[in-house]
Amino acid sequence: MSAIHESPESKKEHLDDDLIDDDLAIKPTQTAQTAHHDVVFGEITEDGPNYRNVGFLGTVILMMKSQIGLGILSIPTAFNALGMVPGVIVLVGIAAITTWSGYIIGRFKLNHREVYGIDDAATLMFGPI
């Protein structure tokens, strides 16, 4: 049968066969997991990084990144409202509180290595639900 006289259904079946035979198409048994290497996280897949294998240096980098990233957005407004000298005093005070909190969390983690998140800490403190 020539391409001119094919019915729409047979054209669709022919196109489906071409897609199935194509080497670039994702087969039903394949997954689209592509991984790349990152200095902090190691292998990162489409599901995201594996935070449980970050290590000490990676944890320090992540904590500093989150603290600096959130703080940097509010510093101009805080200094505008407080002024330069009170702003610096408040900034140093908050930095001290954040550093102390990080120290306490680090000591807790060293004593309870099975805790990976707030849910694990709550289970440890209050028991299972």
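This is a predicted model: local features need pLDDT of at least 70, side-chain atom pairs count only at pLDDT 80 or more; totals for chains, interfaces and linings use all residues.

How many aromatic pairs does a search of the whole structure find?

Analyst: A search of the whole structure finds 1 aromatic pair. Its members are Trp-100 and Tyr-103. A pair of aromatic rings is described by the distance of the centres and the angle of the planes. For Trp-100 and Tyr-103, the centres are 5.5 Å apart. The planes stand at 40 degrees to each other. The pair counts as tilted because planes under 30 degrees apart would be stacked and those over 60 edge-to-face.

Both residues sit in helix α3. They are 3 residues apart, about one turn of the helix. Trp-100 has 54% relative accessibility, so it counts as exposed, the cut-off being over 50%. Tyr-103 has a relative accessible area of 42%, so it is partly exposed.

Now the helix itself. Helix α3 spans residues 84–111 and packs with helix α2, residues 55–82. The angle between them is about 150 degrees, and their axes are 9 Å apart. Over 145 degrees counts as roughly antiparallel, so α2 is roughly antiparallel to α3. The crossing of α2 past α3 is right-handed.

Which residues make the contact? From α2 come Gln-67, Ile-75, Phe-79 and Leu-82. From α3 come Met-84, Pro-86, Gly-87, Val-88, Val-90, Leu-91 and Thr-98. By type, the residues of this contact are 8 nonpolar and 3 polar, with no charged ones.

Key
Residues are numbered from 1 along each chain as its sequence is written. Side-chain values use heavy atoms; hydrogens and water are left out. Axes are lines fitted to C-alpha atoms, for helices over the stretch in contact, and angles run from 0 to 180 degrees between N-to-C directions. Helices (H or I, at least four residues) and strands (E, at least two) are DSSP runs, numbered from the N terminus. Angles under 35 degrees count as roughly parallel, over 145 as roughly antiparallel, 65 to 115 as roughly perpendicular and the rest as oblique. A crossing is left-handed if the near helix is turned anticlockwise from the far one by less than a right angle, and right-handed if clockwise. Contact means heavy atoms within 4.5 Å. Ala, Val, Leu, Ile, Met, Phe, Trp, Tyr, Cys and Pro count as nonpolar, Asp, Glu, Lys and Arg as charged, and the others, Gly among them, as polar. Rings of Phe, Tyr and Trp (its six-membered ring) pair if their centres lie within 6.5 Å; planes under 30 degrees apart count as stacked, over 60 as edge-to-face and the rest as tilted. Buried means under 20% relative accessible area, exposed over 50%, partly exposed in between (1.4 Å probe, protein chains only).
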